[in-house]
Amino acid sequence: MRMVLLGPPGAGKGTQAIRLAERLKLPHISTGDLLRENVKNNTDLGKEAKGYMEKGLLVPDELVAKMLAMRFRQPDTKKGFILDGYPRNLAQAQTLDDLLNGVKMALDLVAYLDSSEAVIIQRLSGRRVCSGCGANFHVKNMPPKAEGICDNCGANLYQRSDDNEETVMVRLQVYQKEAASLIKYYQDQCRLARFNADLDPGIVLNQIIESAKARNDSLKV
Ligand code: AP5
């Protein structure tokens with residue numbers, strides 16, 4: 001199963017991607033996480049990407065494409081993947097098709113997580129992320145058992161620096177500018193399925209899995 005999760009910031013792409021990866025035993029590839037790792041490790045890519053990410057802007061396509069191509073060269077992606085945060089525009093969608101065509105593969109499903117602006121702002125302002133395993137929590141919607149501590153690995157939770165109101169508004173504008181053409185691109189390829197991401201995360205997960213099963217008979221859940 002080769003799946004892309006599309007949707008506005010805060011729709012729950014990361015939350016669903018982690019759960020899908022676990023259920024389907026596939027690698028979760030998040031371009032946001034890969035970029036943040038590069039920033040943390042102060043790599044050349046991280047140094048270039050940092051300014052864009054802090055402003056809520058897209059990191060230039062060629063940098064992200066190179067990073068993704070490297071990740072796709074790792075053998076765990078042969079059995080499939082859950083791709084979260086890529087593509088963000090038409091050029092990236094074409095790059096992804098080229099990368100997959102190069103190894104005679106295609107996407108099975110593009111899951112579009114649709115959410116309203118009010119929900120997004122409420123979610124991002126309360127999001128907390130684990131500094132150890134990257135799990136997502138929310139101070140109200142999905143609180144950890146002990147405040148500030150990850151349920152899974154016990155590491156500290158932190159608030160992402162781009163989750164402030166000003167940067168969230170920029171991220172939303174960037175998303176809205178590109179979203180319609182990206183959705184049309186995958187609709188035309190008959191790969192897109194829409195999900196109401198305002199529902200409970202467990203319900204959203206089951207709906208995505210049902211849709212994935214309908215598109216890939218051999219899927220083991
Ligand atoms: P990235 O990390 O990809 O951020 P994003 O797309 O803005 O998405 P988020 O991670 O904010 O939201 P999400 O949809 O994953 O929501 P989550 O599951 O956490 O990118 C960051 C930056 O990196 C970009 O701005 C850009 O600069 C750069 N970048 C990344 N990819 C790039 C690319 N391809 N090209 C160029 N630049 C790129 O959920 C949010 C909160 O809601 C959590 O607290 C969660 O607990 C809660 N929640 C989730 N689902 C539910 C639910 N169903 N009900 C209740 N609460 C829920």
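The model on the screen is a predicted one.

**Stop 1: the ligand and its shell**

Select the ligand together with its shell. Of the 36 residues around the ligand, those that come nearest are Thr15, Leu57, Arg88, Arg127 and Arg171. By class, the shell consists of 16 nonpolar, eleven polar and nine charged residues.

Next, colour the helices and strands. At least two shell residues are supplied by each of α1 (13–24), α2 (31–40), α6 (117–126) and β6 (136–138). Which element gives the most to the shell around the ligand? It is α2, with four residues.

**Stop 2**

Select Thr15 and display its side chain. An N or O atom of this side chain lies 2.6 Å from an oxygen atom of the ligand. Then display the backbone of Gly85, where a polar atom is 2.9 Å from a nitrogen atom of the ligand. Continue to Pro201, which has a backbone N or O atom 3.4 Å from a nitrogen atom of the ligand. How much of the ligand's accessible area does the protein cover? On its own, the ligand has 1,100 Å² of accessible area, and the protein covers 97% of it.

**Stop 3: helices α2 and α3**

Two packed helices are described by the angle between their axes and the distance between the axes. The crossing of α2 past α3 is left-handed.

- from α2: Gly32, Leu35, Arg36, Asn38 and Val39;
- from α3: Leu45, Gly46, Ala49, Lys50 and Met53.

This contact comprises five nonpolar, three polar and two charged residues.

**Stop 4: backbone details in the loops**

Remain with these two helices and select Asn42, found in the loop between α2 and α3. Asn42 is not a glycine, yet its phi is positive, at about 55°.

Move to Lys104, in the loop between α5 and β4 (109–114). Lys104 is likewise a residue other than glycine with a positive phi, near 55°.

Finally, select Tyr86 and Pro87. Pro87 is found in the loop between β3 (81–84) and α5 (90–102). Is the peptide bond from Tyr86 to Pro87 cis or trans? This bond is cis, with omega near 0°.

Note on methods:
Residues are numbered from 1 along each chain as its sequence is written. This is a predicted model: local features need pLDDT of at least 70, side-chain atom pairs count only at pLDDT 80 or more; totals for chains, interfaces and linings use all residues. Side-chain values use heavy atoms; hydrogens and water are left out. A residue is near a molecule or strand if one of its heavy atoms lies within 4 Å of it. A polar contact is a pair of N or O atoms within 3.5 Å; within protein, one must be able to donate a hydrogen and the other to accept it, and residues adjacent in sequence count only if both atoms are side-chain atoms. Accessible areas come from the Shrake-Rupley method with a 1.4 Å probe; for residues, only the protein chains shown count as cover. Ala, Val, Leu, Ile, Met, Phe, Trp, Tyr, Cys and Pro count as nonpolar, Asp, Glu, Lys and Arg as charged, and the others, Gly among them, as polar. A crossing is left-handed if the near helix is turned anticlockwise from the far one by less than a right angle, and right-handed if clockwise. Contact means heavy atoms within 4.5 Å.
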